[in-house]
Amino acid sequence: MVTATALQQRADETVTPVLTLGGDDLVHRRQATLGETLAGQPGVNFDNFGGGASRPVIRGQTAPRVQVLSDASQIQDASQVSPDHAVVTEPLLMRGIEVLRGPATLLYGGGAIGGAVNVLDSKIPTTLPTDGIEGIAEGRLGTADNEQSLVGGLTGAIGNFAIRVEGVARSSDDYRVPSRFGERHVDGSYNDTSTWSVGGAWVGERGYIGAAYTRHTSEYGLPGHSHDYEDCHPHGSSLHCGGHDHSHEHDHDHEHEHEEGHEEVPYVRLRSERIDIRSDYEEPLPGFERVRFRAGITKYRHEELEHDEVATTFRNKAHDVRLELTHKPLAGLRGTFGVQHAKSDFSAVGTEAYLPESETTNTGLFLFETLQSGPVRFEAAVRQEWQKVETTLNRRAEHNPFSVSGAAIWEAGSGYSVAVSLARSQRAPTAQELFARGVHLATNTYEVGDATLGKETSHSVDVTLRKSLGDTHFTLGAYHQDFDGYIYAETLDRFEDFRLISYTAHDATFTGIDGEIHHQFSPALGLAVFGDYVRAKFKDAGGNLPRIPAGRLGARGDVALAGFTVNAEYFRVFEQDRIAAYETRSPGYDMVNATVSYKLDLGEQSAEIYLRGTNLANALAFNHASFIKDASPLRGRNLVVGLRTVF
């Protein structure tokens, strides 16, 4: 069941192409960050920033067009502002991940115009433990970064009241990379994290209501961070750096001369405190099937330190409230309507305060309806938003995005189905795109916003072909997204590794395919082929959009024998030579991963020991979607051994 959809349909029933990750597959694939955990799934990439931060990239797009949710409630941190800011989630505590590929704007607003990732957890109990108490415990060790992780969770009940306590402690060093990179480790790729939460809920026959408090702290390095460009500033559309009288005719291949040895790498010290309130209740009122309520209140702060002194502090005090009502069939129609309100007070203080203090409020009303007519189900949805951004510099902007979609899915029998979705989606520009101005050393840029930017409008078509029954099943998707006024950071000039970027809008298109075909040869053997490709370019001016992931094609196999389960996969990431101005091409590479696990029979409880190997060929892999791909290649050969028990 996909909880991120309006009517909580099964993945093979949705018109929107949905990818789910859970169970043993999620347990084995979990990494320290959300982006790395999802890497390798069809249509999903990530923009890594060392070992401490990575955001999911869906069909070539990431924040601020991909929204990350915690059980349908916005995760409010600073990850949309910069790729070096971590998404505040803990993969080791997740029980499932749902990825909505393509526009999810109609349910979750303009921030999901490219897709949404819904993280499912157990911090608020939704059912009562069968025997009065249940829990998990897990330990992990990794070789490439000396990972040491401990995970624990316990749920108990007194009558109809359930209490949940859970936590994670993880430490890892700078990760190793192939020696041909020139260094054995990526300096500043370490990540030390601690997360714990306590929650409780009243659980009845028709639903539950509960709340949880979560505290997340993290300290991680910032590879590729340089202060050689602190004094760089723009003169019109050109850069001026130090004593250099800079022009467009300078030597772009010039390299810095560094003193022997490494400078101390700056690092992030992060703390997030969040309160979640959730409720699902059936038959709340006459004429209604279900009511769902979600609220998240966040107090977020992270400091960027150099030589153990705070250089810049980012803060975000935010809340998100969402109410959905699902009505019973009315004249054949079944649907959901609701309201969402979010507010964010964001500030940056210090040497990299390239953003003014701002307050962003967004309110949205949405309606989703579906109608079954024989083997065809029709869907339609609308959403109206009102967004206002105000800064302490007495500058403000207001936008009212409107989105509408129509779709149909034909159940052709024998598990075959064809789904077609058409959508007109709009997104309001962010405070960063409107008002940024200043040096951003993490990405080696000087950012300039444009307060005159208008709404971004996408017209999209998505076709999904599925087969869900029998020994062979597959999901294949093709899509085309046409943007009017696509907002992006255009590089105007470059001095060595430092760039002058200006937020501007041009028409652009995203066209691609993704999918997977799986065949079960026997109960013990299954094989699959998978892949994805996206082509993103500007319409009139020509040229390619920046940091678009390369195409991939691969295969995986699963074998189950005498208590052992073996999973092996290989995929080829092709060369990315369709690059934007001032970008460099990224060579292709081969990725080989494998997992061996064994289930232990311990009577009333279960346990599993597993060994997960990634990048077993030790390929030197550069991620084209990353801002610092040349300074932070992907992790080299890594082995993770884990022991997990559920009781």
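## Rings, charges and a pocket

The charged end of R65 sits over the ring of Y486, at 3.9 Å from the centre of that ring, and this, like everything below, is read from a predicted model.

In one of them, the rings of Y486 and F510 have their planes at 50°, so the pair counts as tilted. Because Y486 belongs to strand β27 and F510 to strand β28, this pair ties together parts that lie 24 residues apart in sequence. Y486 is buried, at 7% relative accessibility, and F510 is buried as well, at 0%.

Another pair, F530 with F571, is edge-to-face; since F530 lies in strand β29 and F571 in strand β31, it ties together parts 41 residues apart in sequence. F530 is buried, with a relative accessible area of 5%, and F571 counts as buried at 8%. The geometry of the two pairs is set out here.

| Pair | Centre to centre | Angle between planes |
|---|---|---|
| Y486 and F510 | 5.5 Å | 50° |
| F530 and F571 | 6.2 Å | 65° |

Elsewhere, ring pairs link F314, F346 and Y354 into a cluster.

The second largest pocket has a volume of about 870 Å³, and its lining is made up of 36 residues, of which R95, D121, I124, T126 and T127 lie nearest its centre. These lining residues divide into 12 nonpolar, 9 polar and 15 charged. Among the strands that each supply at least two residues of this lining are β8, β12 and β34.

Technical notes
Residues numbered from 1 in each chain as written. Predicted model: local features only at pLDDT ≥ 70, side-chain atom pairs only at ≥ 80, totals over all residues. Heavy atoms only, no water. 1 Å grid on protein atoms, 1.4 Å probe; cavity = no way out; pocket = protein on both sides within 12 Å on 5 of 7 lines; lining within 4 Å. Points joined across faces, edges and corners; volume = space filled by probe spheres on them. Helix = DSSP H or I, 4+ residues; strand = E, 2+ residues; numbered from the N terminus. Nonpolar A, V, L, I, M, F, W, Y, C, P; charged D, E, K, R; others polar. Phe/Tyr/Trp six-rings, centres within 6.5 Å; stacked < 30°, edge-to-face > 60°. Buried < 20%, exposed > 50% of the residue type's maximum accessible area, 1.4 Å probe, protein only. Lys NZ or Arg CZ within 6 Å of the ring centre and 35° of its normal.
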